[in-house]
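Have the structure open as you read.

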Amino acid sequence: MKDKRAILGVTGSIAAYKAAELIRRLMSQGVDVTVVMTESAVNFISPLTLGVLSKKRVYCSLFEAGSTAVPGDGDGPEHISLAENCDLLIIAPCTANVVGKLAHGLADDLLSTVALAVTSPILIAPAMNDAMYANPVVRSNIKLLKGKGVRFVEPEEGELASGKLGKGRLAGIERIVDEVKRILLPAFRDDFSGKTVVVSAGPTREYIDQVRFLSNPSTGRMGYALAGAARERGAKVILISGPTHLVPPQGVRTINVETALEMRKQVLENSRKADIVVMAAAVANYRPKKKAETKIKKGKSNLTLEFEENPDILAELGKKKGRKVLVGFSLETRGHVRRAREKLREKNLDLIVANDPLQDGAGFGVETNIVQIIDREGNVKKLPKLPKEEIAHLILDRLLPVLTKVA
Ligand code: CTP
């Protein structure tokens, strides 16, 4: 979200301390955050904390010393210049009082004035006592704002400041950041909602004995990025993962496997109801014919291992494809586009993503990749070196027309 400017309005709720983490998360995603606090928010968290985190002055009042209140002087009135330089106004946490003020156009402090002056989208994450949240007046204020296009991240159920359990806790920071992305990034639409996507990721391990295995350097990043991107765009995602050190994306059901046979079982089972299957895993093509029952001891001058072929999971899916959309990856060090085209045909795929791991900034273990996306008609989309997260979204973009075709 580089170059995006957000104003974060913080209001007087016990959850105000969570604004600190929200600022950190937004800034780490490249968002330029300017904090505007209400007078009561200052009682809950210090402007100094939020100022240090956002690396700039925090605005707390319409009439602060140093603020430019006279039009024509400097950048003009503070609330106007703030509002003009904003791609999104986020109010998190937002109290019932501020929801009410915004719903009725009241502007008696800096935040409510900015809210009236912005032309950017507004995102509100309410936080309040459950009885207040359920109050018909608050409900109707929220409805009014929603009707005017204001976006909301619903609060969650849990323990409230009163010690009671109920709905009113500020939404998790992850959910707020996801919603910010959906608003600020055109790629974050709900264009995969209603779809079930199975993604495989990471390497497989093929055991020689109880403690040794053959594997490959796949870290699972591309698959995890795809799973995260599909979920952000509204899909129900099942991630079948070989051993990795990655934390699965939020909201994704993750099934851990080790061997190619285990991966096959899980992918086939979970693909039954899937609309899309993306095989980003680096599945071993062979496994040792026999796994030694105990640890193989040294001392032999020569050790020969015999291998047998693993089933090709993607090819199996391709044989009973139906309306399922199938995406494969192809890793080749020579003639990668030609081989990828052959694999697409042989495995009956809709798309194949070809990459050459020997290029700088591509392949295993790096944060970027250089890929070409090939479709059934033979069209090739060559992408420059990009972060795997962005590639994941571009792959999903290429899937959209395919989904319409098979529907
Ligand atoms: N794949 C699979 N099951 C296997 C091997 C591979 O489902 N046993 C999938 C991979 O996840 C990938 C695609 O097939 O999406 C291509 O895998 P790759 O190893 O690059 O190609 P292969 O088909 O194995 O062909 P080659 O013999 O050229 O390596």
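Strand β19, residues 371-375, runs antiparallel to β20 and is joined to it by three bridges. Within this pairing, I374 stands opposite V380 of β20. Strands here are DSSP runs of E with at least two residues, and helices are runs of H or I with at least four, numbered from the N terminus; two strands pair if DSSP finds at least two bridges between them.

This is a predicted model, in which local features need pLDDT of at least 70 and side-chain atom pairs count only at pLDDT 80 or more, while totals for chains, interfaces and linings use all residues. Residues are numbered from 1 along each chain as its sequence is written, and side-chain values use heavy atoms, without hydrogens and water.

Now step back to the whole sheet. It is open and mixed, with eight strands in the order β12-β11-β8-β13-β16-β17-β19-β20. Its edges are β12 (253-256) and β20 (380-382), each pairing on one side only. Helix α10 (residues 260-271) lies across β8, β11, β12 and β13, with contact meaning heavy atoms within 4.5 Å.

How are the domains laid out? An automatic or database assignment sets the bounds, giving domain 1 (5-187) and domain 2 (190-292 + 300-406). Their C-alpha centres lie 40 Å apart. Five residues of domain 1 are in contact with six residues of domain 2. Two salt bridges are counted between the domains, each a side-chain nitrogen of Lys or Arg within 4 Å of a carboxyl oxygen of Asp or Glu.

Notes
Axes are lines fitted to C-alpha atoms, for helices over the stretch in contact, and angles run from 0 to 180 degrees between N-to-C directions.
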